[in-house]
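Welcome, and please take a moment to look over the sequence and the fold. We will begin with a single residue and then widen the view step by step.

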Amino acid sequence: MKPSPEASRLLDSARGLPEGALGVGLRILHYPYIIEHTPNVDYFEIVSENFLGPAHTPRQRLERVRQHYPVVLHGVGLNLLGTAALDEAYLEALCRLADEVGAPFVTDHLCWSGAHGESHHDLLPVPYVPELVEFAAERAYEVQRRLGRPFGLENLSSYVEFRSSTLTEWEFYTSVVREAGCWSLLDVNNIYVSSQNHGFDADAYLAAIDFSRVLQVHLAGHTREPDGTIVDTHDHPVADEVWALYRRAWDMGGPFPTMLEWDARLPPFPEVLAQLAKAREIR
Amino acid sequence: MTARGAPAWLAEFQARFGEMIRMPLDRSSGTLAATPALYPQSLVKDVQNGPQTRGEARLAVYNRQYWFRLFEALKSAFPLTSRLTGYWAFNEYAARFFLSHPPRGWDIERSADGFEALFADAIEDEDGRRRQALVEAARIDAGFRRVFLAPKTASYRPSSADATRLLDGRLLPSAALQILEEHSPLLEIRARLVRDEVESRLELPPALARSRWWALVGRDHAILQIPLEAREAELLGLLGAFSIRDALARLEGACSPEERAALPAKTGTWLAQSVERGFWSGIRFGE
């Protein structure tokens, strides 16, 4: 659904980025090109955890990028659906980093990533049940309060569905965002990946999204395994089917900021820029 | 902050999922393969079959991802070691390491902490020179990693008050400083690996006629690699452990008479350069 004019004003303020901005995930191998050429990119998204520790070298590099571009934070370690208490030290470091880089918003995933004292360093699914909507929403609300800025949750790509689920993935996702009063980071590739892996209708997912809560949209490439499973590898150009889904999302809820993630088998930066040009052309 | 509202079944579910995800990959077929037959049955029963695959096979995606992500993290922290060892053998050391040291924090970069020591103890089936080179490679990779992960530290500059008693002070090495020795040209090889996407095992380079010493130091957004003379490296090590006076005396004691004659001029230069290059973060008196 398209945002109302009032919701649009609220949304523009939460995004803090130009309407329809096109961004890229900042990766170490691209630093030299970015520093030398200051390419035409509206903003960069960083993986928060790469800059939360005391290490000085990454922060120095980030500072050089930040002098030219807005930077938003995207985490993988919040463990929103973990059963341990939210990590105070982690949240504190996240707040500090967001303040230091002047991030308009911060995002992470609707998932769990560790339990019983161990971290699995993956974005893991849960059964979709109302009980966990309340649990996740309460924690997401708390994270947003602590951050003092818009906090967005990303929908997962997943490879399993649980018999114990009583909600669809999109019912679960949109309910958590709504009840937490937080925002969405809508990953169109993830919708496509999960729709293929689980046999659901990607357009039904899109139709459930309240675009007045979408801070930004992610695009990425994926890999199809020999057994037909699609894995969210971020190591290829965006697939044609995902571009088509992106176009439909744009028609439903655009304009919105769009960010390209490319994490493995990184191509030279101009190839990443070509994907942004394609996004501009398609919508 | 408390985890109010976490249902009890969620902790049990995550324990079962965690058990599945950490299950070691089987190497017997010559590739790293998941063994879904060993997954907790109560978890498998809750997973729906997919359009093309059974539930166990779908869980195996997470099992493989867990291990390959950690293997990649360790390879990226130890690029030289992993290429010299060969990925197949390196992954076995990595698996052993992560089974005994499962990652605990949110920072995957820190999951490699402690690998250097395990690797040095665990290397098998290698002749003496190859073993020494692999241990040295791990030490070099770990050195780069420590400098990269070092916090910001102000460089020590002697104040006028320090100047009068400088010889009695012990210099404190910067967290962003590592002194490394190599018996083969390993640092050159490491520098070439940065964008090398080849995965085959690297042959060990011929040994150097005499070992070389290097200082790695974090500077702004880069890691500088500075060649050192052997005695200079020795002095830097002594300076971090003893007062400047004692360090100079110990170095002198270790030198031949011929070396000793040239030593005062050299040590003056080395000391001044070390301060200039930001090798020290402070000085401590009265120890």
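Let us start with V272(A), which sits in helix α10 (residues 269-282) of chain A; helices (H or I, at least four residues) and strands (E, at least two) are DSSP runs, numbered from the N terminus. This is a predicted model, in which local features need pLDDT of at least 70, side-chain atom pairs count only at pLDDT 80 or more, and totals for chains, interfaces and linings use all residues. Residues are numbered from 1 along each chain as its sequence is written, while chains are lettered from A and ligands numbered from 1 in the order in which they are written.

Is V272(A) buried or exposed? V272(A) is buried, since 21 other C-beta atoms lie within 10 Å. Here a residue is buried if 20 or more other C-beta atoms lie within 10 Å of its own, exposed if 12 or fewer, and partly exposed in between, with C-beta atoms placed from the backbone. Setting aside residues up to four places away in sequence, V272(A) touches V24(A), L260(A), W262(A) and P267(A); two residues are in contact if their C-beta atoms, placed from the backbone, lie within 7 Å.

L260(A) also leads us to L219(A), whose contacts beyond four places in sequence include L260(A), V188(A) and V242(A). L219(A) and V188(A) are among the residues with the most contacts inside the largest nonpolar core, which has 153 residues. Such a core is a set of buried Ala, Val, Leu, Ile, Met, Phe, Trp, Tyr and Cys residues joined through C-beta atoms within 7 Å. Domain 1 (9-144) and domain 2 (153-284) of chain B both give residues to this core, so it lies between them; the domain bounds come from an automatic or database domain assignment.

After α5(A) comes G148(A), with a positive phi near 65°.

Some other backbone details deserve a look. H121(A) has a positive phi of about 50° although it is not a glycine; H121(A) lies in strand β6 of chain A and is buried, with 23 other C-beta atoms within 10 Å. A cis peptide bond, with omega about 0°, joins G254(A) and P255(A), and P255(A) is in the loop between α9 (240-253) and β12 (258-261) of chain A.

Now for the partner chain. How many residues of chain A are in contact with chain B? There are 46, and they meet 45 residues of chain B. On the side of chain A that touches chain B, β6(A) gives the largest share, six residues.

Chain B itself has twelve helices and five strands. Its C-alpha trace spans about 80 × 55 × 30 Å along the principal axes. The radius of gyration of chain B is 25 Å, whereas a compact globule of 287 residues would have one near 19 Å; this radius is taken over C-alpha atoms, and the globule rule is 2.2 Å times the number of residues to the power 0.38.
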